[in-house]
Every structure is written in C-alpha cells, then in structure tokens.
Amino acid sequence: MMISYPQVLTIAGSDSDGSAGAQADLKTFMARNTYGMSILTAAVAGNSYQISASHIMPVDFIEAQFKALAEDFNISAFKTGMLADTPTIKTVVDNIKKYDFGFFVLDPVIITKHGDMLLEESAYKTLINELLPLADIITPNFYEAQKLADMQILNDDDMIVAAKKLQKMGVKNVLLKGKHNDDNQSEVKDLLLLENGETLWLSEEYIKTNRVNGTGDTLAACIVSEISKGNSLSDSVKTAKLFTHAAIKNEMDIGHKFGPINHFVKI
Ligand code: PXL
C-alpha cells in the first residue's frame, strides 16, 4: 500500500553548510514525518564562522519553481525564510496569491547570528506592507520584532505591545521569541498571541551553547509540519518549541564555531 505524507514547502535561501535556511527546513520537515519541498530564493556560501558570499535567484526562476510545484503537488502548509530583496518579496507575494499552498508561516529573516544581513534594509517596507498581511503567523525573534514593530522591547509587557502592534499590521497570529543571548538567563520565554487576542507564554530552560545555527528556521518549519498534520496552532507551536529545544540540547560535534542544531533528535 502506498504511504501518504502531508506535503509542505519552504520558500527560502540555501545555506551551504546545511545548518540553516532551506536545508534546516527540509531536515525538520523530514524529522516531523512530512514531505518537504523547497523554492530557493537565494544561496549563500556559509560555514560555522561566517557567510562569505551570496547569490539571489532571478525572479523568473523563482516563478518557475512556484509553477512547477503548483502543477503537481497538494501542499497544505508553507513557510518563508530568507527573501533577500524587494523584487524577491514582490515575486513571492504575487505567487502566493496566485497559488494556494495553504497555511503560511512567515519567518521574517533579517540578520544571521554572525551579523550577516539576509534582507536589504530597503525591503522591510515591502515585507510589512505586502507579505505580512498574507501570513497566518509571523515568528520574529527579539531583534526582528523590534525592527518590524519599530519599538524597543525591554520586558514582558513590551513583548505583548509589540506582538499586538504586529497583529494590527495585518498578520493573524504572532509568535514573538524571547531573548536568548544572555548566559546569565535561566529560561527563554516566547509569547504566542492568537487571532482571538488570547496570549500564551511558552518557556524552556536556556541552554548555554554556540551550536544554535538554524534555530529560528527549525521552529518555523516545525510549525508548518505540525499544522499540515491537522494540529491546532497552539499545539503546533508547543511541539515546535519542544522539538527545537531538544535539537539545541542534544549538541552535535559539527563545525568549529556556530554549529548546527541536531535534527536527528526525537521528541
Ligand atoms: O537562520 C537564518 C538563515 C536563513 N536562511 C539562510 C541562512 C540563515 C543563517 O545563516 O544562511 C539561507
């Protein structure tokens, strides 16, 4: 008998070291028992030290990838990652409207943990005005939330204000990831703001490690997989947080600086 799996998609950049971007998404899709596909927007030459070069895909090639997948597959949920620049965002917006790929998780990738920019400053406006209103959930980290909501976030109350601000900008649900850059902190607290206004705090212990490449990609990809299996959004986010936390905790000896997280992990 043929086995059927939920079909899911990432629209993202390739990271050559396999730690982040489309590679992290595809590994997560597989680990969570879903069939993953990718539309590449860009490719970066990266290792655990840095990104040394990047290349943005031509827009007609991005369109060709959309068309190829839409003509054949039944994709029920997808995410976006690195979108590089304004023409890429506009192409993705046009094609998301044209084809129905289901539930949309927007991971607003702006900058890597090494400080390399993955989205041009001039493209924020297009992301906010044209892409964000199409998303079912946006998953900014602390830094991205401050940029997009245009405010400083200093405490839990500020996180709620920023999440509500993002919701007002047109996205249904917001997962705002708490600070995780202070080795004295004991927990990482994320905030989920649901469409109906309900808020939920999700907390996990803080793990002191520099093997955290691809954490945000993995979390968003896991939400995509869990949604595609028919789970509710809050259950999907809880599973994604558990999976990502376990992948950080079970460190792998790969790379010399900011290593990848462990997608082999089972939860
Ligand atoms: O983790 C963010 C990210 C997303 N996409 C690509 C990346 C990175 C980080 O390195 O290289 C392609």
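Is alanine 84 buried or exposed? Alanine 84 is buried, with a relative accessible area of 5%. Here buried means under 20% relative accessible area, exposed means over 50%, and partly exposed lies in between, with a 1.4 Å probe and protein chains only. This is a predicted model, in which local features need pLDDT of at least 70, side-chain atom pairs count only at pLDDT 80 or more, and totals for chains, interfaces and linings use all residues. Residues are numbered from 1 along each chain as its sequence is written, and side-chain values use heavy atoms, with hydrogens and water left out.

**The ligand and its shell**

- The residues around the ligand are Gly13, Ser14, Asp15, Ala20, Gly21, Val44, Ile51, Met82, Val109, Thr112, Leu118 and Asp217. A residue is near a molecule if one of its heavy atoms lies within 4 Å of it.
- On its own, the ligand has 310 Å² of accessible area, and the protein covers 92% of this. Such areas come from the Shrake-Rupley method with a 1.4 Å probe; for residues, only the protein chains shown count as cover.
- Aspartate 15 places a polar side-chain atom 3.1 Å from an oxygen atom of the ligand.
- Aspartate 217 also has a polar side-chain atom by a ligand oxygen, at 2.7 Å.
- Strand β1 (residues 7–15) supplies the largest share of this shell, with 3 residues. Helices (H or I, at least four residues) and strands (E, at least two) are DSSP runs, numbered from the N terminus.
- By class, the shell holds 6 nonpolar, 4 polar and 2 charged residues. Ala, Val, Leu, Ile, Met, Phe, Trp, Tyr, Cys and Pro count as nonpolar; Asp, Glu, Lys and Arg count as charged; the others, Gly among them, count as polar.

**The second largest pocket**

- This pocket has a volume of about 190 Å³. A pocket is found on a 1 Å grid over the protein atoms alone, as an open set of points where a 1.4 Å probe fits, with protein on both sides within 12 Å along at least five of seven lines. Grid points are joined across faces, edges and corners, and the volume is the space filled by probe spheres set on the points.
- Its lining consists of Phe142, Leu154, Asn155, Asp156, Met159, Gly178, Lys179, Gln185, Glu187, Val188, Lys189 and Trp201. Lining residues have an atom within 4 Å of a point.
- At least two lining residues come from each of α6 (156–168) and β8 (187–193). The biggest contribution is that of β8, with 3 residues.
- The lining divides into 5 nonpolar, 3 polar and 4 charged residues.
- Aspartate 156, one of the lining residues, lies in helix α6. Aspartate 156 is partly exposed, at a relative accessible area of 32%.

**Loops and positive phi**

- Alanine 84 sits in the loop between β4 (75–80) and α3 (86–98). Its phi is near 60°, a positive value in a residue other than glycine.
- Glycine 81 is found in the loop between β4 and α3. Glycine 81 counts as buried, at 4% relative accessibility.
- Asparagine 33 has a phi near 65°, a positive value in a residue other than glycine. The loop that holds asparagine 33 runs between α1 (21–31) and β2 (35–46).

**Buried polar side chains**

- Threonine 10 lies in strand β1 and is buried, with a relative accessible area of 0%.
- The side chains of threonine 10 and aspartate 25 are joined by a polar contact of 2.6 Å. A polar contact is a pair of N or O atoms within 3.5 Å; within protein, one must be able to donate a hydrogen and the other to accept it, and residues adjacent in sequence count only if both atoms are side-chain atoms.
- Asparagine 95 belongs to helix α3 and is buried at 3% relative accessibility.

**Distances across the fold**

- Asparagine 95 and alanine 70 are 25 residues apart in sequence, and their C-alpha atoms are 9.9 Å apart.
- Alanine 70 lies in helix α2 (residues 59–70). Alanine 70 is partly exposed, at 27% relative accessible area.
- Aspartate 156 and alanine 31 are 125 residues apart along the chain, and their C-alpha atoms are separated by 32 Å.
- Glycine 81 and asparagine 155 are 74 residues apart along the chain, with a C-alpha separation of 27 Å.
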